[in-house]
Amino acid sequence: MLEGHNFPPGIRTLLSTQTVERVEPVAPGMSGAKVYKCASRDGRTFALKSWPQGTKAKRVAQVHRVQQTAHRNGCDFVPQLFSNSIRAATYLQAAGAIWELSDWLPGTPLSHDASPAQIAGGASAIAQFHHSVADLHRELAPPPAVGNRLSRLAELDRLLPKTFESEISTRYSDPLREMIGETCSLLFASWSTIRDRIRSSLQPEIDQPVPTQYVLRDVHRQHLLFCKDHVSGLIDFDAVRIDTPLTDLARWGGSFTAGRHDENEVWQAVMAGYGENYPFQQYRDQAHVMAVIRELNRSATWISLANWAVWIRLECRSFPAGDQVVRARINELCTIAREDL
């Protein structure tokens with residue numbers, strides 16, 4: 001039933017074109033988007049999404065172009081977008097927000113202790129996605145991910161001392177406050193050493209031309225769905241931009257390293273699965289590729305951990321996903337970071 005949902009008229013019209021009868025909200029994620037699972041009277045299911053406030057139509061159109069290209073080029077695990085009846089566009093602006101309607105894809109994420117074969121299967125699907133959209137933009141250029149990480153390190157050098165001196169707001173739950181206290185202790189003890197290690201590893205890569213194209217940039221464990229051992233869905237394209245494909249491999253593999261007895265088997269599975277569908281011939285050697293992927297993951301882990309400390313202790317931000325989800329994410333990052341020391 002649509003009753004009880006304060007959708008603007010244009011969205012109700014869009015839902016009616018697909019004979020949607022029932023809508024239920026999905027637990028919010030980190031991005032700030034609102035997502036609803038919709039069921040039609042003929043048994044089909046859809047995902048209705050309201051993009052985060054402030055998102056520009058030009059940005060949504062860019063992301064949708066990448067999605068549509070991937071779907072058209074054989075990635076059936078990328079959701080199909082539906083056009084609205086007004087402009088035949090894949091998004092609709094209503095009530096100050098941008099909305100989209102797409103297929104609801106089946107499946108569930110892998111667990112943290114997924115097998116190497118499952119991890120390789122995910123990397124293979126990522127390779128298929130990269131191959132499907134490569135013709136949209138492909139050039140040799142310095143990797144944006146490296147420059148962005150080094151810039152953020154410099155910003156965090158300025159922000160972390162203020163963060164350590166700040167009090168944690170009582171607006172957060174006690175478990176999250178305790179988690180941030182532990183996080184700040186870990187960062188206070190380790191940041192200067194880790195920062196220097198990351199800089200020395202990434203600085204040689206900052207001006208090196210590498211293959212760049214549209215990539216996902218946030219393809220972690222929760223964003224790739226599986227039915228049994230087969231990829232059935234790729235969700236959340238909000239972070240899509242032009243960068244090195246190695247950023248996606250770092251993000252994917254990094255989802256499975258927490259508490260792992262043998263981290264090497266994760267990265268070997270990622271390399272093997274990806275190489276099946278999108279060979280590494282355009283890179284100078286696989287040993288270097290592996291080293292860059294692992295350093296991109298290490299830097300992302302520590303920068304993300306520092307970001308959470310700044311966002312919560314210094315800036316007192318709020319998060320739609322809720323304190324429990326945020327705490328779990330920070331705890332995972334702390335586990336990976338401690339294992340890196």
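**Hairpin.** I started with strand 8 and strand 9, which form a hairpin with two residues between them; Lys-228 in the turn has a positive phi of about 60°. Strands here are DSSP runs (E, at least two residues; helices are H or I, at least four), numbered from the N terminus. This is a predicted model, where local features need pLDDT of at least 70, side-chain atom pairs count only at pLDDT 80 or more, and totals for chains, interfaces and linings use all residues. Residues are numbered from 1 along each chain as its sequence is written, and side-chain values use heavy atoms, with hydrogens and water left out.

I then checked the pairing: strand 8 (residues 224-227) and strand 9 (residues 230-234) run antiparallel, joined by four bridges. Pairing takes at least two DSSP bridges between two strands. Cys-227 has His-230 in strand 9 as its bridge partner.

Next I looked up an open sheet of three strands, order 6-7-10, paired antiparallel. Strand 6 (139-141) and strand 10 (241-243) are at the edges with a single partner strand each, so one side of each has no neighbour in the sheet. Between strand 6 and strand 7 (residues 210-215) I found three bridges, antiparallel. Ala-141 sits opposite Val-210 in strand 7.

**Core.** Last, I went to the largest nonpolar core, which has 82 residues. Such a core is a set of buried (under 20% relative accessible area, 1.4 Å probe, protein chains only) Ala, Val, Leu, Ile, Met, Phe, Trp, Tyr and Cys residues joined through side-chain atoms within 4.5 Å. Phe-129, Trp-252 and Ile-330 touch the most other members. Helix 8 (residues 286-314) gives the largest share, 13 residues.

Technical notes
Buried means under 20% relative accessible area, exposed over 50%, partly exposed in between (1.4 Å probe, protein chains only).
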